[in-house]
Amino acid sequence: MSVSLYYCASRATPLTDSETAAVERIAAAHRASFPYEDQESLYLYDSDDSRPDEVVAGSTKMPFDPDMVLPVLNHVLGSVSELRRALPGAEWRVHMDDLDVPWDDTQGYAFPGMRDPDLATGLGGL
């Protein structure tokens, strides 16, 4: 059984040309900086006309290797945080299966303690 991170943004107005360019730039920068070749990364779905209010949506399957979950999650959530900041007025939902990922205006998306270096070191011993 796999666990995935899902992200979507909705609003009544479609993306402007500059917002579309920003989304494409953020996604490209993420792909270029993603250091884990054998892991799934930020993946944005193609536009779906059945959901006209959905302006961005995607998902990332989490690694099976417990040592890789936190680094992959941290990298992807950083990119999703950038996407949210680039799309003002959008309503975002970011969740890992049924668990919502909290938003913090300063830190962006993160689970409590996930950026704690001691936690990351402790998980390396699993």
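In the crossing of α1 and α2, does α1 pass α2 in a left-handed or a right-handed manner?

Tutor: The model is predicted, so local features need pLDDT of at least 70 and side-chain atom pairs count only at pLDDT 80 or more, while totals for chains, interfaces and linings use all residues. Residues are numbered from 1 along each chain as its sequence is written, and side-chain values use heavy atoms, with hydrogens and water left out.

The crossing of α1 and α2 is right-handed, that is, the near helix is turned clockwise from the far one by less than a right angle. Helix α1 covers residues 17-33 and helix α2 residues 66-86; helices here are DSSP runs of H or I with at least four residues, and strands are runs of E with at least two, numbered from the N terminus. Their axes lie 10 Å apart at an angle of about 165°, where axes are lines fitted to C-alpha atoms over the stretch in contact and angles run from 0 to 180 degrees between N-to-C directions. The two helices are therefore roughly antiparallel, a term for angles over 145 degrees.

Which residues make this contact, meaning heavy atoms within 4.5 Å? From α1 come Glu19, Ala22, Val23, Arg25, Ile26, His30 and Ser33, and they meet His75, Val76, Ser79, Glu82, Leu83 and Ala86 of α2. By class, six of these residues are nonpolar, four polar and three charged; Ala, Val, Leu, Ile, Met, Phe, Trp, Tyr, Cys and Pro count as nonpolar, Asp, Glu, Lys and Arg as charged, and the others, Gly among them, as polar.

The sheet comes next. Four strands form an open, antiparallel sheet in the order β2-β1-β3-β4, and two strands pair if DSSP finds at least two bridges between them. The edge strands, β2 (54-61) and β4 (99-100), each pair on one side only. Helix α2 packs on this sheet, touching β1, β2 and β3, and its direction makes about 170° with that of β3.

Strand β1 is joined to β2 by seven bridges and to β3 (residues 91-96) by six. Tyr6 stands opposite Ser59 in β2; in β3, Cys8 has Arg93 as its bridge partner and Ala9 has Trp92.

Ser4 belongs to β1, which spans residues 4-10. Ser4 is buried, at a relative accessible area of 10%, since buried means under 20% with a 1.4 Å probe and protein chains only. Beyond its neighbours within four places in sequence, Ser4 is in contact with Thr60, Lys61, Met62, His95, Met96 and Asp97.

Technical notes
Buried means under 20% relative accessible area, exposed over 50%, partly exposed in between (1.4 Å probe, protein chains only). Contact means heavy atoms within 4.5 Å. Angles under 35 degrees count as roughly parallel, over 145 as roughly antiparallel, 65 to 115 as roughly perpendicular and the rest as oblique.
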